[in-house]
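Biologist: I am new to this structure. Please take me through it one question at a time.

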Amino acid sequence: MKIYDTKDIINIAVIGEHKSGKTSFLDSVFFVSGKVQEKGNVDKGTSIMDFDPEEIKRKMTIRSSYSYVEYKNKKINFIDTPGFIDFIGEMEMALEVVENVILVVDGDRGITTETDRIWHTLDELHIAKSVIINKVDILSLKFEEVVDKIKAKIGKIAVPVEIPYFENGKFVGTIDLIHKTLITYEDNGRKYTKKPIPQEYNQIVEKYREEIFEDISDINEEFMEKYLSGEEISEEEIIKGFRECIGKGKIIPIFAVSSLTNIGILNVLDIIVEEFVSPDIHKEITIFKEGKETTEDISSENMTILTPFKVRIDPYTGRIVYMKVWTGKVKTGDEFFISETSNSVKITHPCLSFGKTLEEIPEILAGDIFVVPKLEGVKVGQTLVSQKVDIRLKHLELPSPIFFTAIIGKNRGDEDKLAELLTRFSEEDPSFIVKFNDFSKELEVHCQGENQFNIYTEILKERYKIDFTLDTPKIPYKETITKTVEAHYKHKKQTGGHGQYGEVFIRVEPLERGKGFEFVDQIRGGHIPKQFIPSVEKGVLSAMEEGVLGRYPVTDVRVILYEGSFHEVDSSDISFQIAGWHAMKIALENGNPVILEPIMDVKIIVEETYMGAITEDLNSRRGRINSIDRKEDGTAIISAYVPMAEMIKYSASLSSITKGTGRFTMTLAYYDYLPEKMQKEVAEIGRKIKEKEKA
C-alpha cells in the first residue's frame with residue numbers, strides 16, 4: 001500500500017437520509033474505480049459499508065464506517081454515516097475529521113425535512129459541501145426543478161456542475177459544465193466517452209456556467225475582471241477558482257448520478273480528485289492549549305496529534321478505534337499521551353480499513369485516517385499527543401437527548417449484563433447515553449429517538465437474550481426552603497469509655513435558583529475547634545441528600561454555623577457530623593420546604609402550518625413561549641420553557657402533530673417551584689421510590 005502525502009489525501013463524509021442511496025453510491029464508487037470486481041448491494045446484504053449483522057438485517061446504516069479508494073494518484077477516504085437523525089452522534093463525530101461532505105439526495109423526494117435536519121448539522125463546521133442528486137434514472141420531476149428546490153432550502157450558492165443527459169428517455173450520461181463536455185457511459189459505468197455538447201443543451205449549460213462564474217468572481221478579483229470584460233477564461237482558471245470557492249464554502253456543487261446503473265459516478269470521482277479540498281488546505285483548527293482556547297496551525301507543532309472519532313467492538317477482532325492524524329505521522333510502536341487523562345497508549349498494528357477488512361500499514365501521515373485493532377483505554381473525542389503536553393482539540397457539542405426511558409432487567413442475573421451491554425453501545429455511539437439514577441437506583445437510557453433506542457433493545461433481546469421491562473424515568477426533582485430558619489442540636493451520648501459530644505447552632509437561608517449550596521463558618525472564640533468545622537459541613541450535606549417532603553435532594557441553601565460547644569474528651573468527628581445532620585433536618589422541617597422541578601429550554605422547528613397546534617400543545621404542558629422565529633423556507637423556530645415532566649414523551653407527540661416533520665432540541669435551563677397543587681402528589685412519588693429502594 002502506497003503512503004500518501006497530505007496534499008494527496010481527500011477525506012469525505014457521505015450523509016443523507018435513510019433510503020437516499022448514499023451507501024449504494026459508495027458501492028458504485030468502489031465498483032467503477034476498480035476497488036472491487038463485484039458491486040456490493042444493500043438489499044442482498046453484500047454492501048461494503050453496511051457489514052454489521054444488524055445493518056444487513058435491516059438494510060440500513062446504523063454505524064458510521066470508513067473505506068478508501070485510490071484514484072488518479074489520490075487517496076480518497078469515505079466515511080458512510082447513518083441516515084436516521086437519531087444516530088446524529090455517529091454522524092457528527094465523522095464530520096469532525098473530514099474536510100469535505102457529500103449530501104446524497106433522493107431525486108424524487110428532494111430536500112425533505114429529515115434531509116434538512118441532517119444538512120443543518122453542518123452549520124457550525126467549516127467543511128466544503130456538495131450535493132449528489134441520486135436516482136436520476138427514475139426521476140419524475142425535471143432536474144432543474146429539483147435543483148430549484150435544493151437552492152430554496154440550502155441557498156443559491158448550490159450550483160450544478162453537471163446535468164443529466166438522456167437518450168430515448170434513458171439516463172446515459174452527464175454534461176460536465178466545468179469542462180463543457182458530454183460524458184456518456186458504457187461497461188456498467190466503468191468507462192466513459194467524452195463528446196461535444198449537443199446544441200440543444202447550450203442554453204442551460206450557459207445559464208449554470210454563469211452562476212458558477214458569478215460565484216467565483218465574488219472571491220477572485222482577477223477572475224471577475226476577465227469575466228466582466230468578456231475575456232476568455234481558461235479551463236485551468238475556472239478549475240482553480242472553482243476549487244477555491246468550494247474550500248471557502250462559496251459554491252456547493254450539485255452532481256447527477258444513478259447508483260443503480262453507476263451512471264455519473266466516474267465523473268464525480270474526477271471532480272473530487274481535481275477540485276475537492278485536501279487536509280493541507282484547512283491547517284488552522286480550534287484547540288485548548290494549557291486550558292486556553294485558541295485557533296492555530298498545529299502543523300507547525302513538532303509533534304504528532306491524533307483524535308479517535310469512532311469505536312467499533314467487533315465480535316472477533318475486539319475493540320477497533322478509528323483515528324484521524326492531524327499533524328505528524330504514526331508508525332507501529334509509537335507511544336501517545338492522552339491529554340484528558342495523562343495516561344499513555346501504544347499504537348500497534350495500525351491499519352487501513354475497507355469495510356470490515358483491515359490492512360496493516362507501516363506509516364500514516366498527517367491528514368489521513370486509520371484504525372487500530374485491540375486498542376483499550378481510548379475514548380471517542382480524546383486527544384492523543386506524542387509529547388506530554390496539554391493540547392486538546394475542541395469538539396462539536398452533541399445535541400441533548402430527547403428520548404428517555406428507565407430499563408430494568410427482569411431477572412436478577414440480567415442487571416449486570418444489561419448495564420455492561422448498554423455501556424458498550426454508548427461507547428460505540430456517543431449520542432446513546434446510559435445513566436444510573438442515584439435517586440431511583442434505576443438504569444436509564446437518554447438518546448436521540450425511538451428508532452435508535454428500539455434498534456439497540458432489539459439487539460439485547462435477539463442477540464443476547466436479555467429480558468427487561470421499561471418504565472418512565474424518574475424526574476430529578478429537588479427540594480429547598482423558602483424562609484430563613486435557625487436550628488440547634490446537641491449530640492450527647494455517654495458510654496463506658498469515651499462518650500460522644502457535639503453541639504451546633506445553624507442558620508439556614510434560601511438562595512437564588514441555581515446557586516446550589518454555601519457553607520459559612522462564623523464560629524469565633526474556639527467554641528468549636530477548627531478541626532471539627534468540616535465535620536459539621538459533612539453532616540449538613542448528608543442531611544441534604546434527602547429532603548423532608550419527597551426525600552428529594554436539597555439545593556439552593558446557605559448554611560451558617562454561628563455557635564456551638566465541644567467537650568475536651570468526648571468530642572469527635574462523628575459527634576459533630578451527627579449534630580450537623582440533626583440540626584439541618586430540623587431546619588428543613590421548619591423552613592417552609594417546597595419541591596423544585598427542572599425546566600427545559602426547548603426549541604421546536606416546524607412547518608408554519610403546524611404552529612397553532614404546537615403552541616396549543618405547549619400551553620397544555622405548562623410551557624411558556626419566549627419567541628417565534630419565522631424562516632424564509634416556511635419553517636418556524638418556537639422557543640419555550642417547559643417542565644421536564646411534560647417533555648419525557650414529547651417526541652412521539654410532536655411526530656403525531658406534525659406527521660413526522662417536526663423536530664426539537666432541549667437542554668436544562670433552570671429549576672423552579674413546582675405548582676402547589678402538584679407538591680403533595682410529587683412528594684408521595686418520591687417517598688414511595690425511597691421506600692421501595694429500602695425494601
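Biologist: Leaving aside its neighbours within four places in sequence, which residues is P593 in contact with?

Modeller: This is a predicted model, where local features need pLDDT of at least 70, side-chain atom pairs count only at pLDDT 80 or more, and totals for chains, interfaces and linings use all residues. Residues are numbered from 1 along each chain as its sequence is written, and side-chain values use heavy atoms, with hydrogens and water left out. Contact means heavy atoms within 4.5 Å. With neighbours within four places in sequence set aside, the contacts of P593 are T480, I481, V548, L549 and L588.

Biologist: Is P593 buried or exposed?

Modeller: P593 belongs to strand β34, residues 593–607; strands (E, at least two residues) and helices (H or I, at least four) are DSSP runs numbered from the N terminus. Buried means under 20% relative accessible area, exposed over 50%, and partly exposed in between, with a 1.4 Å probe and protein chains only. The relative accessible area of P593 is 18%, so P593 is buried.

Biologist: What distance separates the C-alpha atoms of P593 and K483?

Modeller: Along the chain, P593 and K483 are 110 residues apart. In the model, their C-alpha atoms are separated by 8.4 Å.

Biologist: Where does S259 lie, and is S259 buried or exposed?

Modeller: S259 is in the loop between β11 (252–256) and α9 (265–275). Its relative accessible area is 6%, so S259 is buried.

Biologist: Which residues is S259 in contact with, leaving aside its neighbours within four places in sequence?

Modeller: The loop that holds S259 runs between β11 and α9. Apart from neighbours within four places in sequence, the residues in contact with S259 are G21, S24, F25, S28, K39 and N134.

Biologist: Is E225 buried or exposed?

Modeller: E225 lies in helix α7, which covers residues 221–229. The relative accessible area of E225 is 55%, so E225 is exposed.

Biologist: What share of the residues in the protein chain is buried?

Modeller: The protein chain contains 16 helices and 37 strands. Its C-alpha atoms fill a box of roughly 105 × 60 × 55 Å, taken along the principal axes. Of the 695 residues, the buried share is 54%.
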